Every structure is written in structure tokens, then in C-alpha cells.
Amino acid sequence: MVGNRELALEVVPETLRPGALDLPVRWAHVSELQDPAPYLVGGELILTAGVNLPEQLDRYVRGLRDAGVTALGFGLTPTVHETLPEPLRRACARRGLPLLVVPARTPFLAVNRAVSVALTEAGQRDQRRITAARETLTRAAGGGLGELTSSLAAVLRSWVALVGAGDVLASAHDAPAPLPPEVRELMATVRAGSGIRSATTELTGGFVVVQPVYPQATASHLVVVGRSRRLDGAERAILAVGAALLGLVGRAGSDAAELGAAATGLLLGRTFPGEVARSLLGSEVVRLVAGAAYRRGPDEVAQRPDWLRARLDTPLVEVGGGTRFTAVAGTGPAPEVLADLRDHGWLAAVGPPVPAGQLAGSSAEVELLLSRALALGRPVVAGSEPLDFDALLDPGASRGFAAKALEPLVALDWSQDRQLVPTLRTWLAHHGGWEPTAAELGVHRNSVRHRIAQVERALQVDLADPETRMRLWFALRWAAASP
């Protein structure tokens, strides 16, 4: 932002401390309060035109610095301050608070917009880093603990050690052996706690992070990471991915197919915490995807777990016998992906988004969706259509309901050719309108009234009841869909 020529911000050199220009900015905030510190969370770029600048400038600057403000931007304006107040310059230099001069031609709104754009771009870069690291680590998991540990060390540019109950199970990039006493104390602290957690300590020449591997059943196993600088937010997310995969490899071995099956089974067994889903999939809200062989079945390539993992963009895939697969994804597959699966012999059903801890509860629902997909010959996605309640129903049960509900009318039509079923369907489609129903059927409206009265007597229902109309319309729809 300082280098943005359009903003033309001027850095006051004597206010800079080492590394000041590399500090992150959480947000740009305009404040003319004499003491804005109580309303800040840290990391802000404070912008002021000095409209209400206090007399005690040293106290003002010290309060901003203690609140964690990244920098102070002072806006020049002919109506308030045409030049930077010298006392403010001296106070910022004394307290080590970076001071920027905002020229009169640069509105604060432009600075706010530049910060917003920079934050968005930084977030996108971090997400790309996490996605690329997730793919790298997932591939490395097929090589076992040693290869995965080395890959994690390479991605984080650090040394890494996987520690069991008392031994180092795997290490990479010159991890110290034995681990320093300070690190072992930190490990003991982590093991003594509860829940998913991590801890950081500063050692001579760097920082060390200790984190349990996932799932929590393997919490006696810790991953230890050390390097010269702290991990940023994206790198902590990458470490979480590595910790999740290390736990899964420890359970399933090095086989990639077994890894995906183990992870999927853990999720469906409700023993997988939401943190693992967030690590492996980038989200604690997940979707269950089920697929079944369609027509001649999936071809040889489409039966491979790695092919399905690539198509569904998830490492959590289990293939059963070449005729079924189950996967857990962070987002539902796009329509073109579902169409591609169908072209390769898979029909898929996608469940609704649910928290990872509730995934097992959606398995029955997804089975119904898969049955519907097979009946319709196309993929089905929960909630993809407005009022799509019948997408959750078993096609066989629905057809059975339709046959039972309409049986008296079908019998009369078959034996006496009364045309009751088509009349009822047309009448309901026209919302009970006599004239349009008669016009479409080519009969007199009194004939329609007579037939509807016969329907009520045959079914022993009152068609003035909207609930009855809804149930009969549903039955007619499924009767029409019956093979």
C-alpha cells in the first residue's frame, strides 16, 4: 500500500522500526476521537485529519501503539492541517508508531478501498496456498508416514517430527534429536489438556509449534514443527491438514484407497471432529455423496479411487466392489461433474450440507436420493429445486402409495370407462376450475361436476380440503412416473 503511486502516501522515516513496513493491516479505520484505543482490536491503520487532535499527543500515540495499531495515517487538508504537526512526528518517533502522511488529493475512502482490495487478494493467495498444499500432502499420504512428514516439512519450510507415546516415529529436515527439554515440556502440556489444541514456544533461533494429530483418538501422537519465524494463518491451516492426514495414515496405513475409506468411515461414524473436515476439505460443513453403477456400470478408469477423488475434489472417497462409492465433500459437485460421472457409468446423489459431526444422520437421506436418481436415470441433489420435498422420498414407496390411493378410480375406469383419473388430474391442474377443465376434456361442465362427485364417493374424501387435493396430486404425479 505504501508503494501504491495513486495513493501517494509518504512514510515518515524516523517513525519506522525494523520490520514495520511488513506488519499486517487488519483494516483501515477513520477516527477523530481523542482516545480511540478502547474501540480497537489491533492491526488497524488509523486515519485522522487531526480535527480533534488532543493536546497530550504522546499519550494519544502511546495509546494507539499499546492497542496494537499497525500505523497512523495523517491526512493533510487546507481547512485543518496543511502540514504534518511536528509534535505528532516526534511522538510517533519516540513511541515507535509508523506514521504515514496522506496528501490532500488522496481521500480516506481511497485508502480504505486499497486496504480492502489488498486484504481480498491476500486471502485469495492464502486459499490458493492451502489448496495446493492440501493436494500435495494428500498425494504424499499414499507413501506412508515418512513421505508425508517430509512433504509437510517441505511445504512449511521447517523441520518436522512425529512423536508417539515416547518415540519419534518420523522426522524430516534435520529435526533435532533428541528434542530439546523445552519442547518436551510443551508436549507434556498439550497432552495434559483436552480437545483439539496447539501450543507455540519461542526457542533460541526460532519458534516451535506442537499439535496433536487427528482424530482425537490418536492424541498421544503429536506433530512438532520448528523454524526461524512464526507460522502465519495459512501455514497453520496447512499444518492442520498435515496433522489430520498423519492421524489417518497412522490408522489406515499408506494405501491411498484405505486412507480415503478410513477417513470416510470415521466421518460417518461420528468420531471425526469438525476440525478434521475443515482441515481436509476447507469446511466444517460437508456433503455426503453416494454413487451407484448405472446401466453397464462404471468403466475401468472410473472405478479407481484416485479418479473419483480428482472428479469430486476430495480425498475422502470409498469405493465398494466397483458398484458403489461413498464420498465426503466440502461442497457439492458441480452439475458438469455429476454429468461426467454419469457418462462414465456412475449415477450420483448429493445430500444436503450438514456439520461434519452430523454427517451420519444424512446417510439414510442420501440413500433415498440415490434410489430416486436410479429411478429417474439422472443425478439428484438435495434442495436443488424449489419445494423439492419428493426428492427425499423412496420412489418405490411413493409408487406404492400412488397405486393404493388411486386404485378405486383405476378400477372404475377399467371396468366402466368413466375417465375419472384423467378428469381428476385435469381438474386439479386447473385448481378446481369447472370451465377450463371441461374445455380441455371436451365435455360439458356438468359432466365434470358429475365425475368429480364420483371421485369423492369412490375415494371417500372431500375435495374441498386442500390437504386432500395435495395428496391426490402427489399420487397422480407418481402414478404418471411409474414404469
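**Exercise 1. Work out the strand order of the sheet and find its edges.**

Keep in mind that this is a predicted model. Start by tracing the pairing: five strands make an open sheet, and the order across it reads S1-S5-S4-S3-S2. The pairing in this sheet is mixed. Next, look for strands that pair on one side only: these edge strands are S1 (10–11) and S2 (27–30). Finally, see what packs on the sheet. That's helix H3 (residues 108–141), which touches S2, S3, S4 and S5. The direction of H3 makes about 160 degrees with that of S2.

**Exercise 2. Describe how S4 is joined to the strands beside it.**

Take S3 (residues 44–48) to begin with: S3 and S4 run parallel and are joined by four bridges. To find your place in this pair, look for Leu 47, which sits opposite Gly 73 of S4. Now turn to S5 (residues 99–102), which also pairs with S4 in the parallel sense, over four bridges.

Then follow the chain between the strands. Going from S3 through helix H1 (residues 57–66) to S4 gives a right-handed β-α-β unit. Carry on from S4 through helix H2 (residues 86–95) to S5, and you have a right-handed β-α-β unit there too.

**Exercise 3. Are the residues of S4 buried or exposed, and which way do they point?**

S4 covers residues 71–75, and five of its five residues are buried. Sort them by direction: Ala 71, Gly 73 and Gly 75 point one way, while Leu 72 and Phe 74 point the other way. Both groups are buried, so there's no exposed face to pick out, taking buried as under 20% relative accessible area.

**Exercise 4. Characterise the packing of H9 against H10.**

For two packed helices, you want the angle between the axes and the distance between them. The axes of H9 (residues 305–312) and H10 (residues 335–343) come within 10 Å and cross at roughly 155 degrees. The cut-off for roughly antiparallel is over 145 degrees, so H9 and H10 count as roughly antiparallel to each other.

Now list the contacts. From H9 come Trp 307, Leu 308, Arg 311 and Leu 312, and they meet Val 337, Asp 340 and Leu 341 of H10. Sorted by class, this contact has five nonpolar, two charged and no polar residues.

Conventions:
Residues are numbered from 1 along each chain as its sequence is written. This is a predicted model: local features need pLDDT of at least 70, side-chain atom pairs count only at pLDDT 80 or more; totals for chains, interfaces and linings use all residues. Side-chain values use heavy atoms; hydrogens and water are left out. Buried means under 20% relative accessible area, exposed over 50%, partly exposed in between (1.4 Å probe, protein chains only). Helices (H or I, at least four residues) and strands (E, at least two) are DSSP runs, numbered from the N terminus. Two strands pair if DSSP finds at least two bridges between them. A crossover is right-handed if, with the strands pointing away from the viewer, the path from the first strand over the helix to the second runs clockwise. Contact means heavy atoms within 4.5 Å. Axes are lines fitted to C-alpha atoms, for helices over the stretch in contact, and angles run from 0 to 180 degrees between N-to-C directions. Angles under 35 degrees count as roughly parallel, over 145 as roughly antiparallel, 65 to 115 as roughly perpendicular and the rest as oblique. Ala, Val, Leu, Ile, Met, Phe, Trp, Tyr, Cys and Pro count as nonpolar, Asp, Glu, Lys and Arg as charged, and the others, Gly among them, as polar.
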